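Biologist: I am new to this entry and would like to know what stands behind the words used to describe it. Please show me the model, and then I will ask.

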Amino acid sequence: MDRIGEVVVAESCLVTPSTETPRRALWLSPLDLFYANRGHIPLVSFYRPSSSGATDFFDVTRLKTALSKALVPFYPLAGRLDVGQDSRLQINCDGQGALFLVAHTSSLTVEDLSDFKPSPELRRLLVPHLNSAEAAPIICAIQVTFFRCGGVAIGAALHHLAVDGNAASYFFRAWTAFCRDGERAVVDLPCHDRALLSAREPPVVRPDALSILCPSLNLSEASGPVATEVFLLGKDHVSALKRICGGATTFCAVSAHMWRCMCLARRLLPGSTTRLVFPANVRRSLNPPLPDRYFGNAVIILATAGKTQDIIAPGGLASVAGRIRGLIGRMDDEVVRSAVDQLELAKIDGRPARGSLPATDLRVISWLGMPLYDMDFRWGKPVAALRAESNYGGFVHLMDASPQDGGGVRVIVCAEAAILSDFKRLLYANLQHSVL
């Protein structure tokens, strides 16, 4: 048995598809290759002990059987990353299987981790450790951890080259359906045609698209310690923000508020230029749209910039939200195709991405609307579901708050430790009057 801190891995095996799957090399689009150096997405869901006293609570055999069935339609996750004859990364769909770990802890309970805050320790304990730099790395790995209290954590590591957040949610929806419903499970089949997002021949980048696209991740060594904190914006707070922003969407209103608070907390000079960057789902922006269950990366990175004095101006939150809304509104088929072509022309950086964004930049990643709390394997929905680690300074993740939190938005901020106290004060201070 392999001991990992307070968690002991008792079993390690490969789960293969339950029936024969296509054996082929899966071509990766430029939007997939953009994530070549991001490694695996670390996810974890927590489940409280069974209140019904179920004897089969998170039965390992049932979980494996369901995973084996899910890997049939989602067969790329059972493959390995490979390099084709043209030196381009691809997925070798060879059916080797997903790594499956069973772990136990005699010292930890779910309540010990009840703040559910992403951290290197959380990832180390509950998510399989995979080396993305090794030859033919595993694409999907699962860890089931049984706590002393009887609760369970499901940790997952999915290579970002293979999936974005939406694609990952399709897979988990299938796995939970097979586990919960068995042979009665209804699963929407994924679309594996990544050529739908291939570059044009020759690639063409429309000049006006260049002003809103952000094809590179500019990370550097942070000037000081970086820390991660979690903040809850309740339903009333979110409603107040949307009202202040003239009926903007939750994403636009909350992102505008994050940008403004970060500029103030960082004490950026009024005349400096600050930038907000965020990934945008392109599935419905193409003409024709991508299939509903397109399985792969289908996001492009958009950016908007402005003078700090305009972003922090009193009473200017609606204007900032309008900037974001206007940027999203410009994302049409031609912009998406330009983004794909731009990435096809770019040189892929295979070095692991580490560090922080410039202090003038903020990247907001939205998981709003993803069915993270619908992951019911048979024994109830999770009490928390989150990214296990947020390791890039200047990144903010927005997630739906859990039902136990009463709804709203969970904000995960990874930034300079020295500014987080001011950020928290600003986050809530400007809302109190509106809420009350």
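Biologist: What makes you say that strand 9 (residues 152-159) is largely enclosed by the rest of the structure?

Modeller: This is a predicted model. A residue is called buried when its relative accessible area is under 20%. In strand 9, eight of the eight residues are buried, so the strand is largely enclosed by the rest of the structure.

Biologist: How do you know that both faces of strand 9 are covered?

Modeller: In a regular strand, side chains alternate between the two faces of the sheet. On one side of strand 9 are Val 152, Ile 154, Ala 156 and Leu 158, and on the other are Ala 153, Gly 155, Ala 157 and His 159. Residues on both sides are all buried.

Biologist: Which strands does strand 9 pair with, and why are they called paired?

Modeller: Pairing needs at least two bridges. Strand 4 (residues 40-47) is joined to strand 9 by eight bridges, and the two run antiparallel. Val 44 is the residue opposite Gly 155 in strand 9. Strand 8 (residues 140-146) also pairs with strand 9 in the antiparallel sense, over seven bridges. There, Cys 140 has Leu 158 as its bridge partner. Because at least two bridges are required, the eight bridges to strand 4 and the seven to strand 8 both qualify as pairing.

Biologist: What lies between strand 8 and strand 9?

Modeller: The two strands form a hairpin with five residues between them. In this hairpin, Gly 150 takes a positive phi near 100 degrees.

Biologist: Why are strand 10 (226-233) and strand 12 (299-307) said to stand at the edges of their sheet?

Modeller: The sheet is open and has six strands, in the order 10-16-15-13-11-12, with mixed pairing. Strand 10 and strand 12 each have a single partner strand, so one side of each is left without a neighbour in the sheet. Neighbouring strands of this sheet are turned by 20 degrees against each other on average, direction ignored.

Biologist: What makes strand 13 (residues 361-366) and strand 15 (residues 395-400) a pair?

Modeller: They share four bridges and run in the parallel sense. Since pairing needs at least two bridges, four bridges are enough to call them a pair. Within this pairing, Ile 365 has His 397 of strand 15 as its bridge partner.

Biologist: How do you know that Cys 252 is in no disulfide?

Modeller: The structure holds zero disulfides. The nearest cysteine sulfur to that of Cys 252 belongs to Cys 245 and is 8.6 Å away. Cys 252 counts as buried, at 2% relative accessibility.

Biologist: Why is the protein called as compact as a globular protein of its length?

Modeller: The protein has 11 helices and 16 strands. Its radius of gyration is 22 Å, close to the 22 Å that the globule rule gives for 436 residues, so the protein is as compact as a globular protein of that length. Its C-alpha trace spans about 60 × 55 × 40 Å along the principal axes. Of the 436 residues, 56% count as buried.

Biologist: What makes Phe 58 and Arg 378 worth a remark about phi?

Modeller: Most residues other than glycine have a negative phi. Phe 58 is not a glycine, yet its phi is positive, about 50 degrees. It is found in the loop between strand 4 and helix 2 (60-70). At 1% relative accessibility, Phe 58 counts as buried. Arg 378 also has a positive phi, near 150 degrees, and is found in the loop between strand 13 and strand 14 (384-387). Its relative accessibility is 41%, so Arg 378 counts as partly exposed.

Key: Residues numbered from 1 in each chain as written. Predicted model: local features only at pLDDT ≥ 70, side-chain atom pairs only at ≥ 80, totals over all residues. Heavy atoms only, no water. Disulfide = S-S within 2.5 Å. Buried < 20%, exposed > 50% of the residue type's maximum accessible area, 1.4 Å probe, protein only. Axes fitted to C-alpha atoms, helices over the stretch in contact; angles between N-to-C directions. Rg over C-alpha atoms; globule rule 2.2 N^0.38 Å.
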